[in-house]
Amino acid sequence: MDPARPHHSPEQSPASLHLPRPTRRAMLRGGAGLALAMGASAASLLTSGPTAHAQPRGGRRPRGVDYPKAEWIPADASNYTAADRPSEYPVEFVVIHVTQETYKDTVAIFQNPAKDVSSHYLVRSADGHVAQLVREKDVAWHAGNWDYNTRSIGIEHEGWIDEPDKWFTDEMYAASAALTANICDDHAIPKDREHIIGHNEVPGADHTDPGPHWDWDRYIKLVKSS
Ligand SMILES: [Zn+2]
């Protein structure tokens with residue numbers, strides 16, 4: 001519709017939060033480097049400037065959020081693409097991520113205009129607190145695949161994929177499942193593994209999150225019963 005709208009190929013998609021399989025420190029350096037490397041081309045294509053936020057989904061949500069229990073902590077407007085979903089793009093998937101960062105550092109990354117990365121939601125490990133950083137109508141840059149970014153909601157979970165006992169808490173699973181159930185209900189997304197996918201399952205993704213220790217059976221059961 002908008003001639004200024006970017007048409008990224010997957011290769012041109014803005015970076016997602018974390019890179020494949022590196023250590024934490026390497027990931028921080030590599031993520032920043034990739035974001036910087038991709039930032040110039042992405043930024044030159046993307047519409048910039050402040051985002052005009054429409055009313056929340058259905059006009060009934062408090063504090064500008066789409067999910068009533070979420071805290072609104074907006075990402076920098078240069079880290080996502082303002083859009084008008086679902087009329088502009090259908091919303092068909094929920095993409096599950098693990099941050100490989102702390103909650104606090106993830107918020108800082110999404111609010112840093114140099115990073116070119118964001119997700120709609122971030123769930124805190126210790127207590128399941130949910131932050132919303134990008135409106136669901138907008139396209140967050142989380143999947144590393146422009147087509148999937150346009151058609152999905154991204155949820156980041158605080159923690160590291162190789163430390164599930166430390167980070168994948170009951171509180172985080174429950175809070176995330178309730179969030180995903182709400183998203184599925186509002187967008188008529190089936191509550192199954194065809195539509196609730198890991199970042200590692202995005203076509204072309206070279207990311208491994210949420211990793212082999214993410215308990216999908218438990219998660220989908222929780223989503224269905226939320
Ligand atoms: Zn991811």
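What follows is a short chat about the strands of a predicted model.

Me: How many strands form the open sheet, and in what order?
Reply: There are six, in the order β1-β5-β4-β7-β3-β8, and the pairing is mixed.

Me: Which strands stand at the edges?
Reply: β1 (71-72) and β8 (196-198) do. Each has a single partner strand, so one side of each lacks a neighbour in the sheet.

Me: What about β3, is it buried or exposed?
Reply: Six of the six residues of β3 are buried, so the strand is largely enclosed by the rest of the structure.

Me: Which residues are on which side of it?
Reply: Phe93, Val95 and His97 are on one side of β3, with Val94, Ile96 and Val98 on the other.

Me: Why the every-other-residue pattern?
Reply: Side chains in a regular strand alternate between the two faces of the sheet.

Me: How many bridges pair β3 with β7?
Reply: Six, in the parallel sense. Within that pairing, His97 is opposite Glu156 of β7.

Me: And with β8, parallel or antiparallel?
Reply: Parallel, over three bridges.

Me: Changing topic: how do β4 and β5 run?
Reply: They run antiparallel, with three bridges joining β4 (residues 121-123) to β5 (residues 130-132). Leu122 has Ala131 of β5 opposite.

Me: Which strands does helix α5 lie across?
Reply: Helix α5, residues 170-187, lies across β3, β4, β5, β7 and β8.

Me: At what angle to β7?
Reply: The helix runs at about 170 degrees to β7.

Note on methods
Residues numbered from 1 in each chain as written. Predicted model: local features only at pLDDT ≥ 70, side-chain atom pairs only at ≥ 80, totals over all residues. Pairing = 2+ DSSP bridges. Helix = DSSP H or I, 4+ residues; strand = E, 2+ residues; numbered from the N terminus. Contact = placed C-beta atoms within 7 Å. Axes fitted to C-alpha atoms, helices over the stretch in contact; angles between N-to-C directions. Buried ≥ 20, exposed ≤ 12 C-beta atoms within 10 Å, placed from the backbone.
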